[in-house]
Structure formats: C-alpha cells, structure tokens
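Please read this short report with the structure in view.

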Amino acid sequence: MRDYSQIVEKIVEFLQSEVRKRGFQSVVFGLSGGVDSAVVAILCKKAFGANCHGLLMPSLQSSQSSIKDAIELCEAFDISHSILPLEKPQKGFLDTLETLQNSPARIGNLCARIRMIYLYDYAFANNALVIGTSNKSEILLGYGTIFGDLACAINPIGNLYKTEIFEIAKALKVPQSIQTKAPSADLYEGQSDEAELGFPYVILDSIMQLLEQGLSRQEILQKNLPPKAIDMVMTRIKTMEFKQKLPEIAPLKDC
C-alpha cells in the first residue's frame, strides 16, 4: 500500500519547485467537477495558497451537476475561480464547420482545445503557468486530446493511475459528490469514460501496472484478467504513444 499522504507532500514540493524554477509564482488549472481536476486544485491550493486559480469552462453539452460540484469544491477549499462558458466560441465553430454537428468525438476535441485556449490566455494575462490534470491511465491509453486536455506546463498527477487518484482524493477529503461519481470527460450528458473504454479503471490499471512490472501477456492472463481488456490496453499503449511526444522535427544537421 502506498503512502498517499507522503505522495501529497512530494507533489506539493514538486509543484513549488517546478513553478519557481520557471520564474513564476501563480498557476491556473481547469476545473471540470471531476476527481482529477479536484485533486489538482487542492494540491495547487496547498502549494500556492491564494496564487492559484481554477477555470470552470462548461460546454453546451456539460451537465449542470459538474458545474455545481466544481463550485462546491472551490467553496469548501477557498479556491479562487471563475466561470468561462464555451457557448459562444463553440457555436461559432459549429456554424462554420457544419459537419461537426454529426460527430460527438469531434465536438469533444473542439471543446477540449477551446478550454486550453482559455487557460493559456488566462496564464498569459496573469503571469501564471497552466497545470495539467491528466492521470497516468489516460496518458498511457491516449485517452485525451492533443493540444487540449493533454496540454500543460506542469503535470502533478501524470504518474498516478486513476485508481490511485481516488485514493489521493480520499486523503485530501475531496467532496463525496465528486469522489462517488462515474469518471467522465463530461462531453455530453451521461458520458462515461469506462463505458467508452470498455472496462472499469480497476481492471485497466491492474493490467497497466503488471505491464509496467515487465510481465508478458501470457503472464497477465494468469492473473484472471479479461483477455479483451489486456489486448485493448496493449494495443492502445502502442498506438497512442505518439500523444506523449513533442512534434518530430526533421533532422538536418548533415545537409
């Protein structure tokens, strides 16, 4: 069993050190009403006190409960925040790119990137750094949008699996309304990460942790984990690895 209180202390120190190293004192992060951003918000509050700010950025598809949960978190932990709806830019894109209407995935990517525009604009205007909220499970599975929710200056939870994020949330006393809700990117009413991925995070994380330990597919099968889940995880880790890298630049040294 990991010592999650020690992990919290280490992350707070990491945030303070990395932000200071870059010459900043303030940070900004997106608040979705989910457990990942809630954990990041509290960690930033511990690290920077009043010098942190959360942006609530509801899209046309966002549920009202997500906004309510995010506000409840901010009030409980005295976190500075503001609400910047995506409605106007989202409608502008929907009017311009008419085929967007027929693709929830494209709309989800669009909203993720508009949110990042808001975050980086706030960061520029307020001399702050953007803090990421993607966990290790999402990063390894490529379950995120390039230049959207995957974009940030510093990521404090990128080495914590989703199941570990829930343990951190307990340690930090995140409101129960957030701890008990189904993981969701909130792309539309009722959307569920686990339904889209096909398996619960407890299964996916177990597989990824075993792969991290160097076990083969055959060895993982002996742990009574679903073969389809093992294959899906292994395939996604391989095919989505590009999302973790900076754009490849053509090498011209010898020209």
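## The second largest pocket

The second largest pocket holds about 520 Å³ of space. A pocket is defined on a 1 Å grid over the protein atoms alone, as an open set of points where a 1.4 Å probe fits, with protein on both sides within 12 Å along at least five of seven lines. Grid points are joined across faces, edges and corners, and the volume is the space filled by probe spheres set on the points.

The lining of this pocket has 18 residues, and Leu150, Ala151, Lys243, Gln244 and Lys245 lie nearest the centre; a lining residue has an atom within 4 Å of a point. By type, the lining divides into ten nonpolar, five polar and three charged residues. Here Ala, Val, Leu, Ile, Met, Phe, Trp, Tyr, Cys and Pro count as nonpolar, Asp, Glu, Lys and Arg as charged, and the others, Gly among them, as polar.

## The model and its numbering

This is a predicted model, in which local features need pLDDT of at least 70 and side-chain atom pairs count only at pLDDT 80 or more, while totals for chains, interfaces and linings use all residues. Residues are numbered from 1 along each chain as its sequence is written, and side-chain values use heavy atoms, with hydrogens and water left out.

## The chain as a whole

The protein chain has twelve helices and four strands. These are DSSP runs numbered from the N terminus: helices are H or I with at least four residues, strands E with at least two. Along the principal axes, the C-alpha atoms fill a box of roughly 55 × 50 × 50 Å.

Of the 255 residues, 46% are buried (buried is under 20% relative accessible area, exposed over 50%, partly exposed in between, with a 1.4 Å probe and protein chains only). Among contacts (heavy atoms within 4.5 Å) between residues at least 6 apart in sequence, 72% join residues at least 24 apart.

## Cysteines

How many disulfides does the structure hold? It holds zero, a disulfide being a pair of cysteine sulfur atoms within 2.5 Å. For Cys74, the closest cysteine sulfur is in Cys52, at 8.9 Å, which is too far for a bond. Cys74 is buried, at 2% relative accessibility, whereas Cys255 is exposed, at 83%.

## Two residues with positive phi

Asp78 is not a glycine, but has a positive phi of about 55 degrees. Asp78 sits in the loop between helix 3 (64–77) and strand 3 (81–83) and is exposed, because its relative accessibility is 58%.

Asn224, also not a glycine, has a positive phi of about 65 degrees. The loop between helix 11 (217–221) and helix 12 (227–239) contains Asn224, which is exposed at 73% relative accessibility.

## Two lysines

Lys181 is in the loop between helix 8 (176–179) and helix 9 (193–197). At 23% relative accessibility, Lys181 is partly exposed. Apart from neighbours within four places in sequence, Lys181 is in contact with Gly33, Ser65, Ser66 and Asp69. Gly33 is 148 residues away from Lys181 in sequence, with 9.6 Å between their C-alpha atoms.

Lys91 belongs to helix 4 (residues 87–96) and is partly exposed, with a relative accessible area of 40%. Lys91 and Leu60 are 31 residues apart in sequence and 8.6 Å apart, C-alpha to C-alpha.
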